[in-house]
Amino acid sequence: MRIAISTGGGDAPGLNAVIRAAVLAAADRGWHVLGIKKGYAGLLGDDEVIPLTRDEVRGIGHLGGTILRTTNRGNPFSYPVRQPDGSVVEVDRSDELLENARNLGINALISIGGDGSLAIAEKLANKGMRVVCVPKTIDNDVSGTLSTFGFDTAVNTAMEAIDKLHTTAESHDRVIVMEVMGRHAGFIALHSGVAGAAHVILIPEIPYDLSAVCEAIMTRERRGRFFDIVVAAEGAFPKGGAESVMGGALPGEAMRLGGIAERLARQIQDKTGKECRSLVLGHLQRGGMPTGYDRLLATRFGGAAVQAVEDGKWGHMVALQSPNIVTVPVADALRHPKRVDLGHDLMRTARRLGISFGD
Ligand code: F6P
């Protein structure tokens with residue numbers, strides 16, 4: 001048996017723990033493992049395919065990043081190819097990928113990635129590739145699994161940042177708006193905001209009203225609390241308005257979001273007269289060592305993915321349905337992207353604590 005592993009999309013703390021667990025579980029069965037570098041680039045001749053033995057994965061379980069590297073511009077069905085005149089066109093290279101995989105004697109693929117990578121894996125599975133997926137994203141927006149690895153680490157990073165902002169905001173009587181990741185789902189903002197005791201949390205699932213945000217701030221002021229922490233998901237947007245977009249995306253890359261914190265800080269300052277500052281936590285949320293929770297989840301996912309290969313669960317992904325790790329069809333997980341459930345206990349708890357969602 002010869003299996004291959006690839007990591008695609010944005011990285012997340014815990015990727016290396018998945019790779020390590022999968023390689024060790026495969027080695028235990030006497031299987032050979034290949035690592036495809038940089039998403040699928042290694043299988044398309046644009047990067048390497050390397051053997052993964054116990055040696056390559058020794059001592060990597062606690063490290064952030066991915067030893068296989070990754071890209072969010074490597075969809076083999078619309079692969080960016082530079083033309084002689086310098087322009088870039090997107091080309092379907094999936095047949096080439098399948099042929100190269102066959103030539104390398106790859107019997108099955110473990111694809112570790114978020115919703116974009118899962119959709120690619122599903123298309124490859126439909127073309128006959130034997131694929132098993134491992135869901136990954138710090139945004140936690142994949143259905144079918146209680147959580148994805150990387151999310152807990154990101155929440156802790158954001159929470160620690162909020163803790164630090166509290167003291168400086170309070171010293172200066174300032175409003176500080178912090179932007180966290182979360183394109184379409186506000187899990188990081190919600191979880192870090194509640195854990196870090198933010199006063200306003202803005203998520204893509206609840207379009208906000210600037211007046212309601214300012215009213216929450218002024219209500220605190222009337223109670224003698226002169227500072228505020230606002231946590232905004234990058235994908236949060238005002239009622240009747242649109243997300244803040246950065247521009248500058250490269251060919252094959254999704255639209256870049258960003259700027260909501262700065263925009264809000266300016267608007268809150270104009271409307272309330274309070275001194276405002278903003279910051280973008282950005283890729284700090286994707287870096288660093290995975291938390292214990294994420295290491296354990298990633299390790300369980302890696303072992304379960306090899307088991308799923310052994311069981312022939314093609315087109316399935318491993319998932320946490322506590323207390324078990326199960327497999328679910330990727331198609332089912334993709335059908336309804338996961339969003340913050342507005343009736344969830346954490347939402348109700350947050351509202352009872354007096355946290356404003358700007359609605
Ligand atoms: O999908 C995870 C994510 O963290 C999103 O929240 C964010 O918009 C995106 O990655 C940014 O990724 P990159 O800067 O790597 O393109």
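Biologist: Hi! Is Arg 69 buried, partly exposed or exposed?

Modeller: Arg 69 counts as partly exposed, because its relative accessibility is 40% and that class lies between the 20% limit for buried and the 50% limit for exposed. Keep in mind that this is a predicted model.

Biologist: Good to know. What does Arg 69 form a salt bridge with?

Modeller: Its partner is Asp 47, and the closest N and O atoms of the two are 3.1 Å apart. The pair joins distant parts of the chain, 22 residues apart. Arg 69 sits in the loop between β3 (49-51) and β4 (79-82), while Asp 47 sits in the loop between β2 (32-36) and β3.

Biologist: And Asp 47, how accessible is that one?

Modeller: Asp 47 has a relative accessible area of 23%, so it is partly exposed.

Biologist: How many salt bridges does the count come to?

Modeller: The count is 18 salt bridges. One of the links is a network made by Asp 46, Arg 93 and Glu 96.

Biologist: What about Glu 170, which side chain does it meet?

Modeller: Glu 170 meets Arg 225 in a salt bridge, at 4.0 Å from N to O. Glu 170 belongs to helix α4 (residues 151-172) and Arg 225 to the loop between α6 (210-222) and β10 (228-233), so the bridge ties together parts that are 55 residues apart in sequence. Glu 170 is partly exposed at 39% relative accessibility, and Arg 225 is partly exposed too, with a relative accessible area of 37%.

Biologist: Where do Glu 262 and Arg 266 lie?

Modeller: Both are in helix α7 (residues 260-272), and because they are four residues apart there, about one helical turn separates them.

Biologist: Which residues of α4 are buried?

Modeller: Among them are Phe 151, Val 155, Met 159, Ile 162, Leu 165 and His 166. There are several alanines too, including Ala 154, Ala 158 and Ala 169.

Biologist: What do those buried residues pack against?

Modeller: They pack against β8 (175-180), α5 (187-195), β10, β11 (276-280) and α8 (292-310).

Biologist: Last one: what follows α4?

Modeller: Asp 173 follows α4, and its phi is positive, near 55°.

How values were computed. Residues numbered from 1 in each chain as written. Predicted model: local features only at pLDDT ≥ 70, side-chain atom pairs only at ≥ 80, totals over all residues. Heavy atoms only, no water. Helix = DSSP H or I, 4+ residues; strand = E, 2+ residues; numbered from the N terminus. Buried < 20%, exposed > 50% of the residue type's maximum accessible area, 1.4 Å probe, protein only. Contact = heavy atoms within 4.5 Å.
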